[in-house]
Amino acid sequence: MLVLLQLLQGLPLVVSVALFTVVALVRDAARWWRLLRRMRYILLAVCVLFLWQTPGTLLIPALGGWSPTVDGAVQALMHVLRLVAVVDVVAILMSALSVESWVAGLFVLAMPLRLIGVSPERFAVRLNLVLRAADSTQRRSWREWLSDDVEAVPAASWAIEWPGLRDWGLLAALWVLGTGVLWWLASR
């Protein structure tokens with residue numbers, strides 16, 4: 001879904017992100033706001049970079065070279081919408097699944113990466129730590145995260161529930177659909 005959202009432009013992107021945002025807000029508005037708030041500096045950086053680094057028609061001609069561009073504003077909006085879509089999907093998944101279920105599912109999906117030397121176990125452990133930190137309500141400054149005074153991370157384990165026949169069929173159908181959509185987009 002996120003790959004397909006990256007391919008959308010203009011009105012289809014705006015409508016898709018609006019729908020995802022509504023679903024995320026209905027499911028868990030507090031979590032969505034918390035995740036979006038944590039993305040604020042990345043969103044700001046994207047806006048600044050695209051507004052002032054994209055050549056094009058000046059938005060405020062009186063400012064000369066200091067003016068952001070119209071083309072940059074459009075590009076900034078498109079990229080901000082794509083990032084908000086990622087926040088939407090993460091918020092929806094975090095409200096629908098437990099962290100353990102989500103990590104276990106991505107662990108199973110990451111198993112083929114073992115062929116290229118990526119350890120799904122290490123990926124799962126890191127993802128688990130990131131998701132727990134992203135979802136925590138405890139506020140820490142960046143200095144606290146880097147200090148030696150941060151308490152040790154407690155040991156955790158979780159059971160991996162292997163997908164059943166229905167799950168594998170759904171994954172195959174999604175793969176075929178995704179491949180078909182990408183092929184169609186590439187042939188346009």
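Buried means under 20% relative accessible area, exposed is over 50%, and partly exposed is in between, with a 1.4 Å probe and protein chains only. When I say helix, I mean a DSSP run of H or I with at least four residues; strands are runs of E with at least two, and numbering goes from the N terminus.

Quick word on what we're looking at. This is a predicted model, where local features need pLDDT of at least 70 and side-chain atom pairs count only at pLDDT 80 or more, while totals for chains, interfaces and linings use all residues. Residues are numbered from 1 along each chain as its sequence is written, and side-chain values use heavy atoms, with hydrogens and water left out.

Overall, the protein chain has eight helices and zero strands. Of its 188 residues, 24% count as buried.

Back to α2, then. How far apart are its end C-alpha atoms? They are only 26 Å apart for 29 residues, short of the 42 Å that a straight helix would reach at 1.5 Å a residue. That expected span is 1.5 Å times one less than the number of residues. And where does α2 bend? At Asp28, by about 120°, the bend being the angle between axes fitted to the seven residues ending there and the seven starting there.

Asp28 turns up again in a salt bridge with Arg31, at 3.4 Å from N to O. By salt bridge I mean a side-chain nitrogen of Lys or Arg within 4 Å of a carboxyl oxygen of Asp or Glu. Both residues sit in α2, three residues apart, about one turn of the helix. Asp28 is partly exposed because its relative accessibility is 25%, whereas Arg31 is buried, at 13%.

A search of the whole structure gives two salt bridges. Arg114 and Glu121 make one as well, with their closest N and O atoms 2.8 Å apart. Arg114 is partly exposed at 41%, and Glu121 is partly exposed at 36%.

Now the aromatics. There is one aromatic pair in the structure. Trp32 and Trp33 have ring centres 4.9 Å apart and planes at 80°, so they count as edge-to-face. The rule for Phe, Tyr and Trp (its six-membered ring) is centres within 6.5 Å; planes under 30 degrees apart are stacked, over 60 edge-to-face, and the rest tilted. Trp32 is buried at 6% relative accessible area, but Trp33 is exposed at 52%.

One more from α2: Val22 lies in this helix and counts as exposed, since its relative accessibility is 51%. Its C-alpha atom is 8.7 Å from that of Asp88, 66 residues apart along the chain.

Helix α5, residues 99–110, has twelve residues that should span 16 Å, and its end C-alpha atoms are 16 Å apart, which agrees. Its buried residues include Trp102 and Phe107.

Last stop, the surface. Leu59, Ile60, Leu63, Trp66, Val70 and Val74 form a nonpolar patch with about 590 Å² of accessible area together. Patch residues have over 30% relative accessible area and no salt bridge; like charges are joined within 9 Å, nonpolar side chains (Val, Leu, Ile, Met, Phe, Trp, Tyr) within 5 Å. The areas come from the Shrake-Rupley method with a 1.4 Å probe, and for residues only the protein chains shown count as cover. Leu59 lies in the loop between α3 (40–53) and α4 (70–96), and is partly exposed at 44%.
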